[in-house]
Amino acid sequence: MAAANYRVDVKHFDELPARELYDLLRMRVDVFVVEQNCPYPELDGKDIDALHLRLLEGGDLLAAARILKPHEPQDPSKIGRVVVSPAHRGKRLGDALMREAITACERLYPANRIALSAQAHLRRFYESFGFVGTSQEYLEDGIPHIDMIRQPAIQPP
């Protein structure tokens, strides 16, 4: 099934109304903590300075990702907390979400690489978007992960 009709919304933490923030955080906790049976501190302090990219259909939150800006000019931007609502899986929304997140990173930080920490079983998914592994597998909160990088849209001279 193809991705649903959706609209893309990108907001800073402080721009999210309380209800929208609640919906976003609840979906992340429902998936990353409850569904994956992984007790860890989902609220890690990084959301406050992040951009929150959401795919929405009407009032429904379909999927979301968090974008962290580069710390230093040469550092990568980072995509994380990539999540599709369980109620909307099977619609290729993960593909749509990653395309939108990459587009946002390239628009905001065109000369920077894009980094992510992927659950190891999703390595091929992220490779399909041009990411390459840069680490060995490691455990993060009991789940195998791998660090990955995508080269910048604009190559330095």
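1. Strand β4 is the main contributor to the lining of the largest pocket: it gives seven residues, the most of any element. Keep in mind throughout that this is a predicted model.

2. The largest pocket holds about 1,200 Å³ of space. Its lining counts 42 residues, and the closest to the pocket centre are Phe32, Arg81, Val82, Gln119 and Tyr126. Two or more lining residues come from each of α1 (18–35), β3, β4, α2, β5, α3 (123–127) and β8. By class, the lining splits into 20 nonpolar, nine polar and 13 charged residues.

3. Arg81 deserves a separate look. It sits in strand β4 and is among the residues closest to the centre of the largest pocket. Is Arg81 buried or exposed? Its relative accessible area is 18%, under the 20% cut-off, so Arg81 counts as buried. Its backbone also stands out: phi is positive, about 50 degrees, although the residue is not a glycine. Most residues other than glycine have a negative phi.

4. Arg92 raises the backbone point again. Its phi is positive, about 65 degrees, and it is not a glycine either. The setting is a loop, between β4 and α2. Arg92 counts as exposed because its relative accessibility is 52%, and the cut-off for exposed is over 50%.

5. His88 lies in the loop between β4 and α2. It counts as buried because its relative accessibility is 11%. What does His88 contact beyond its neighbours within four places in sequence? The partners are Asp60, Leu61, Leu62 and Leu93. Of the elements named here, β3 spans 60–68 and α2 spans 93–108.

6. The largest nonpolar core has 26 residues, and Leu55, Ile79, Met98 and Phe131 touch the most other members. At least two core residues come from each of β2 (51–57), β3 (60–68), β4 (77–84), α2 (93–108), β5 (114–119) and β8 (143–150). Helix α2 gives the most, with eight residues. In soluble globular proteins, nonpolar side chains tend to be buried together.

7. Phe131 can be followed in detail. Residues up to four places away in sequence are not counted here. Its contacts are Ile79, Met98, Ile102, Ile114, Leu116, Tyr126, Met148, Ile149 and Arg150. Two of these partners, Ile79 and Met98, are themselves listed with Phe131 among the core members that touch the most others.

8. Asp14 is in the loop between β1 (7–12) and α1. With 70% relative accessibility, it counts as exposed. Asp14 and Leu51 are 37 residues apart in sequence; their C-alpha atoms are 9.8 Å apart in space.

9. On annotation, UniProt places "domain: N-acetyltransferase" at residues 11–153, in an unreviewed entry. Over residues 11–153 the model is 27% helix and 31% strand.

Technical notes. Residues are numbered from 1 along each chain as its sequence is written. This is a predicted model: local features need pLDDT of at least 70, side-chain atom pairs count only at pLDDT 80 or more; totals for chains, interfaces and linings use all residues. Side-chain values use heavy atoms; hydrogens and water are left out. A nonpolar core is a set of buried Ala, Val, Leu, Ile, Met, Phe, Trp, Tyr and Cys residues joined through side-chain atoms within 4.5 Å. Buried means under 20% relative accessible area, exposed over 50%, partly exposed in between (1.4 Å probe, protein chains only). Helices (H or I, at least four residues) and strands (E, at least two) are DSSP runs, numbered from the N terminus. Contact means heavy atoms within 4.5 Å. On a 1 Å grid over the protein atoms alone, a cavity is a set of points where a 1.4 Å probe fits but cannot get out, and a pocket is an open set with protein on both sides within 12 Å along at least five of seven lines; lining residues have an atom within 4 Å of a point. Grid points are joined across faces, edges and corners, and a volume is the space filled by probe spheres set on the points. Ala, Val, Leu, Ile, Met, Phe, Trp, Tyr, Cys and Pro count as nonpolar, Asp, Glu, Lys and Arg as charged, and the others, Gly among them, as polar. UniProt positions are given in the numbering used here, feature names are shortened, and annotations may be inferred rather than shown by experiment.
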